[in-house]
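These notes are for a colleague opening the model for the first time.

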Amino acid sequence: MIKFPKDFLFGSATSACQSEGGQVDGKSESIWDYWYKKEPYKFHDRIGPENTSNFYFDYKENVELLEKIGHNSFRTSISWARLIPKMDGKVNPKAVDFYENYFKEIKAKGIKLFVNLFHFDMPMYLQEIGGWENKEVVERYVSYAKTCFKLFGKYADCFFTFNEPIVHVECGYLYQYHYPCEVNPKKAVQVAYNTQLASALAIKALREIDKDKKIGIILNLTPAYPRSQNENDLKAAEIADLFAQKSFLDPSVLGVYPKKLVEIIKKEGLIPEYSKKELDIIKENTVDFLGVNYYQPLRVMENPYTYKESAIFMPSKYYLSYDMPGKRMNPYRGWEIYPKAIYDIAINIKENYNNIDWMITENGMGVENEERFRKDGRIEDDYRIDFIKEHLTYLSKAIDEGANCKGYHLWTFIDNWSWLNAYKNRYGLVEYKLETGQRLIKKSGLWFKKLSEEKGF
């Protein structure tokens, strides 16, 4: 039997934007609300963020289900645009009521609560002044963070500053998957730096308010595996790792940026506006706890082509994606399934990042048209159970070898809205019927309860 420690955390994660709905009671637009209104055809089946799992109205029923499927912990985020809906910085009292009631309900069930402050959902009024490009937004984020700490610190067992910050950098400023859909590497680097600074300043603020409260950051760690052991491929993987993992992992945990990454950024003429004082803040305010999201590996090879001098900088200048023959795929999401990477991530954290306390904050499998697997009224998602088992087997091996992993959160508790994909792929332990709001526990939800209770399988 694969066993985990008695105090190991089993639960799931979601975000405000993907689960709350409730575009009412003073909430202003986030970039997702605005973008959907502007270009709805970019969203799968034209389903926008107002069509989510309805936590704003139905949080009590959802929290009941959390208990029914064995959660001892749960992560969600706060909607900045709901809590502070205007440029005047005033707190929305209806938002405070909602989060207090929601969080109290979770705590009443004995469930540990992890509260994330930012999950891709910049308020539109701040995006209009440049979003993370603008240092003023960093100051406003710190003010927002302090408000959250003071209002909700009594409920949160741990705070996170950001979820997957590399995503709003790359998708917003290089690859056009998130608003503002720009292709501007200079801005991308500034956004990344300002985000890291904001994280450090929020950590500093919490320690001044409550020095005993834990705070961390959630990073999507995708180990870069080279095509071959050829020197050129190995170098490509090393550089891919600098961009994909170390750009936030090193400053968040170690307090400094990797020298090789800084050298590349300098060489490309992309150094952001910064000060020594800011770098000292980053150095002195590292995380207590690390959240790790893992879905797929990064397979890379050398770039054998000459890069045109006048070309817009992209990381592909230094490495290319490698489509490895015979890889195991989740065809619905287009992602490789490679459970061993979770072991490699764990050992890397143990050996190179002070064996910091950490947990898997997201891991999951999105599948299209799960209706095919309905039997006697319930979705029999054995593929999800097998997926979780394989990843937990490698995680258990790493823990046995000394990795300091404290928990495993699945993405996600209930089928939810997913950015441009909307409800195309379902990830939940609980089925959500968009047309009626009905919730039905899947086979995986029942299995997850047993997993949590027995601390293993």
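1. Helices α13 and α14 are roughly parallel to each other, because their axes cross at an angle that falls under 35 degrees. (On that scale, angles over 145 count as roughly antiparallel, 65 to 115 as roughly perpendicular and the rest as oblique.) Helices here are DSSP runs of H or I with at least four residues, strands are runs of E with at least two, and both are numbered from the N terminus.

2. This is a predicted model, in which local features need pLDDT of at least 70 and side-chain atom pairs count only at pLDDT 80 or more, while totals for chains, interfaces and linings use all residues. Residues are numbered from 1 along each chain as its sequence is written, and side-chain values use heavy atoms, with hydrogens and water left out.

3. The axes of α13 (residues 340-352) and α14 (residues 382-400) come within 7 Å and cross at roughly 25°. Axes are lines fitted to C-alpha atoms, for helices over the stretch in contact, and the angles run from 0 to 180 degrees between N-to-C directions. On the α13 side, Lys340, Ile342, Tyr343, Ala346 and Ile347 meet His391, Tyr394, Leu395, Lys397 and Ala398 of α14; contact means heavy atoms within 4.5 Å.

4. Helix α14 has 19 residues, and its first and last C-alpha atoms are 27 Å apart, close to the 27 Å expected at 1.5 Å a residue. The expected span is 1.5 Å times one less than the number of residues. Buried residues of α14 include Phe387, Ile388, His391, Leu392 and Leu395. Buried means under 20% relative accessible area, exposed over 50%, and partly exposed in between, with a 1.4 Å probe and protein chains only. Gly402, which follows α14, has a positive phi near 105°.

5. What span should helix α7 have? At 1.5 Å a residue, the 18 residues of α7 (residues 135-152) should span 26 Å, and the end C-alpha atoms are 26 Å apart, which agrees. Among the buried residues of α7 are Val138, Tyr141, Val142, Ala145 and Phe149. An α-helix has 3.6 residues a turn, so residues three or four places apart point the same way. The cover over the buried residues of α7 includes α5 (93-108), α9 (185-209), β4 (158-163) and β5 (214-220).

6. At the start of α7, a side-chain oxygen of Asn134 comes to within 2.9 Å of the backbone nitrogen of Glu136.

7. Is Thr76 buried or exposed? Thr76 is buried, with a relative accessible area of 0%, and its place is in strand β2 (residues 73-77). Leaving aside residues up to four places away in sequence, Thr76 touches Thr14, Ser15, Ala16, Tyr102, Phe103, Phe114, Val115 and Asn116.

8. Two cis peptide bonds deserve a look. The bond from Tyr179 to Pro180 is cis, with omega near 15°, and Pro180 is in the loop between α8 (165-173) and α9. The bond from Trp411 to Thr412 is also cis, with omega near 10°; Thr412 is in the loop between β16 (405-410) and β17 (425-426).

9. Positive phi values also occur in residues other than glycine. Asn355 has phi near 50°, lies in the loop between α13 and β12 (358-362) and is partly exposed at 23% relative accessible area. Trp419 has a positive phi of about 45°. Trp419 is in the loop between β16 and β17 and counts as buried at 11% relative accessibility.

Technical notes:
A polar contact is a pair of N or O atoms within 3.5 Å; within protein, one must be able to donate a hydrogen and the other to accept it, and residues adjacent in sequence count only if both atoms are side-chain atoms.
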